[in-house]
Amino acid sequence: MADFTLRVNGATRKLPSVAPDTPLLYVLRNDLELNGPKFGCGLAQCGACTVLLDGRRALSCLQLAVAAEGRAITTIEGVADGDRLHPVQQAFLDLDGYQCGYCTPGQICSAIAVIEEHAAGWPSAVTADVRPEAVVPPLTDEEIRERMSGNLCRCGAYVSIVRAVERAAQAHAAETENKIEGAAA
């Protein structure tokens with residue numbers, strides 16, 4: 001057992017003791033009472049437990065809590081800006097990208113990372129031209145489906161999820177363009 005601290009949703013949280021083999025998911029849900037990340041399969045195959053770890057997707061059911069020490073952990077509870085929903089959250093709400101809602105926190109965290117990965121030019125398994133000098137391809141339905149394939153939805157809301165990711169990606173691109181234009185002015 002070891003004392004340690006975690007940075008979760010922008011706040012430093014000290015935990016009295018956690019066994020070194022405890023999954024991050026259990027600490028988030030049981031010790032920190034953050035119920036957004038869900039236990040789905042416990043095998044990193046469904047994505048219900050997806051959180052952001054230093055801005056990248058992480059399956060918290062297999063991520064050891066002690067290995068997350070010193071890293072920025074963001075759960076669904078931390079993606080909004082106060083009362084203003086994150087653009088991905090808003091798109092999921094507007095386009096019915098959820099049904100029962102069980103997978104939604106993991107879907108949203110994954111979608112946030114997908115949009116950032118795509119904007120940074122990271123290829124996926126369906127990206128046609130993966131050369132470093134290639135132009136970033138559009139975020140097509142096929143690209144979204146491939147990039148989100150690690151997150152399962154028992155209700156089958158995939159069509160709405162793809163539309164929501166597409167809309168949020170467009171909002172992200174417009175926001176990035178506005179920042180660039182504002183900096184140039």
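So, α2 and α3 are oblique to each other. Their axes cross at roughly 125° and come within 9 Å. Keep in mind that this is a predicted model. As for the hand, the crossing of α2 past α3 is right-handed.

Which residues make that contact? On the α2 side you've got Val88, Gln89 and Phe92. From α3 come Thr104, Gln107, Ile108, Ala111, Ile112 and Ile115. Sort them by class, and the contact has six nonpolar and three polar residues, with no charged ones.

Now let's look at α2 by itself, which is residues 87–94. The buried ones there are Val88, Gln89, Ala91 and Phe92. Look down the helix axis and those buried residues fall within an arc of 165°, so they line one face of α2. And what does that buried set pack against? Two helices: α3, at 104–119, and α5, at 158–184.

Gln89 gets its own moment here. This glutamine sits in α2, and its relative accessible area is 12%, which is under the 20% cut-off, so Gln89 counts as buried. What does Gln89 touch, if we skip the neighbours within four places in sequence? The contacts are Ile76, Val79, Ala80 and Ile108.

Okay, that's my bit. Over to you.

How values were computed:
Residues numbered from 1 in each chain as written. Predicted model: local features only at pLDDT ≥ 70, side-chain atom pairs only at ≥ 80, totals over all residues. Heavy atoms only, no water. Buried < 20%, exposed > 50% of the residue type's maximum accessible area, 1.4 Å probe, protein only. Helix = DSSP H or I, 4+ residues; strand = E, 2+ residues; numbered from the N terminus. Arc of directions from axis to C-beta. Contact = heavy atoms within 4.5 Å. Axes fitted to C-alpha atoms, helices over the stretch in contact; angles between N-to-C directions. Parallel < 35°, antiparallel > 145°, perpendicular 65-115°, else oblique. Left-handed = near helix turned anticlockwise from the far one by under 90°. Nonpolar A, V, L, I, M, F, W, Y, C, P; charged D, E, K, R; others polar.
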